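Colleague: I would like to learn how to read a model of this kind feature by feature, beginning with the general idea and then turning to the case at hand. Could we go through it together?

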Amino acid sequence: MKIKNISDSKQHGIILVELMIYVIIIGLLSQVLYNIVTVIYRNYQYCISQMELQQNVRYAIESISRDVEFAKDVNIDNKVLTIYKSDNDKDFVVSYEISKKYHPYRLMRDNQPVTGESSIKKIEISNFLIRKKGKNILDVEIKGVDCDSGDSLAVERLINIMNET
């Protein structure tokens with residue numbers, strides 16, 4: 001019978017040093033992958049918040065435009081826009097103003113929010129300017145701010161009041 005010498009046999013399996021090297025390589029690759037996913041997610045969140053900021057401000061301007069275009073009369077008093085849609089002062093009155101009782105500040109239409117929180121971030125209306133230019137032109141400017149990033153968007157529109165007497 002022949003006795004095998006242990007030193008003569010081929011090595012099968014991995015040694016501890018190789019295992020540690022594999023663990024380190026997998027750890028580094030997973031860290032790189034995690035960083036890539038994190039950057040992509042942050043960019044996604046930023047794009048969504050910018051889109052919602054734009055939508056909030058544009059929706060507010062469009063809402064005011066729809067109400068003002070066929071108004072019978074428009075009154076501006078201390079950053080409150082009052083729109084009269086009929087000849088009788090008591091009938092069909094719409095008002096817009098910034099509400100300071102909510103944080104973030106919101107643009108309100110008849111005490112109902114026109115703008116507000118995004119599903120991801122808080123959006124605040126920081127500026128609401130109304131100026132009458134001539135008899136039938138209303139200049140409306142709304143500035144929205146993303147409360148988390150500090151990014152802002154201002155939209156200004158000249159609106160023709162078609163039915164004003």
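Predicted model: local features only at pLDDT ≥ 70, side-chain atom pairs only at ≥ 80, totals over all residues.

Colleague: How many bridges join S3 to S4, and which residue is the bridge partner of Glu 97?

Modeller: In general, the strands of a sheet pair through backbone hydrogen bonds, and the pairing is either parallel or antiparallel. Here S3 and strand S4, residues 106-109, run antiparallel and are joined by 4 bridges, and Glu 97 has Met 108 in S4 as its bridge partner.

Colleague: What is the order of the strands in the sheet, and which strands stand at the edges?

Modeller: The sheet is open and has 5 strands in the order S1-S2-S3-S4-S5, with antiparallel pairing. Strand S1 (73-77) and strand S5 (112-113) stand at the edges, and because each has a single partner strand, one side of each is left without a neighbour in the sheet. From S1 one passes to strand S2, residues 80-84, through an antiparallel pairing of 5 bridges, in which Asp 73 has Tyr 84 of S2 as its bridge partner. S2 is in turn joined to S3 by 4 bridges, again with the strands running antiparallel, and Tyr 84 stands opposite Val 93 in S3.

Colleague: How many residues of strand S3 are buried?

Modeller: Of the 7 residues in strand S3 (residues 93-99), 5 are buried, so the strand is largely enclosed by the rest of the structure.

Colleague: Which residues make the nonpolar surface patch?

Modeller: The patch covers about 1100 Å² and its members include Ile 14, Leu 19, Tyr 22 and Leu 29. Tyr 22 belongs to helix H1, residues 16-69, and is partly exposed, with a relative accessible area of 45%.

Colleague: How many salt bridges are there, and which residue forms one with Asp 67?

Modeller: Side chains of opposite charge can pair when their charged atoms come close. The count here comes to 7 salt bridges, one of them between Asp 67 and Lys 85, whose closest N and O atoms are 3.0 Å apart. This pair links distant parts of the chain, with Asp 67 in helix H1 and Lys 85 in the loop between S2 and S3, 18 residues apart. Asp 67 is buried at 7% relative accessible area, whereas Lys 85 is partly exposed at 23%.

Colleague: Which residues are joined with Arg 131 into one network?

Modeller: Arg 131 forms a salt bridge with Asp 139, with 2.8 Å between the closest N and O atoms; Asp 139 is buried, its relative accessible area being 0%, while Arg 131 is partly exposed at 32%. The side chain of Arg 131 also meets that of Glu 156 in a salt bridge, at 3.4 Å from N to O. Glu 156 lies in strand S8 (residues 152-160) and Arg 131 in strand S6 (residues 123-133), so this pair ties together parts that are 25 residues apart in sequence. Through shared partners, salt bridges join Arg 131, Lys 133, Asp 139, Glu 141 and Glu 156 into one network.

Methods:
Residues numbered from 1 in each chain as written. Heavy atoms only, no water. Pairing = 2+ DSSP bridges. Helix = DSSP H or I, 4+ residues; strand = E, 2+ residues; numbered from the N terminus. Buried < 20%, exposed > 50% of the residue type's maximum accessible area, 1.4 Å probe, protein only. Patch = residues over 30% accessible without salt bridge, like charges linked within 9 Å, V, L, I, M, F, W, Y side chains within 5 Å. Areas by Shrake-Rupley, 256 points an atom, 1.4 Å probe, with all protein chains shown as cover. Salt bridge = Lys/Arg side-chain N within 4 Å of Asp/Glu carboxyl O.
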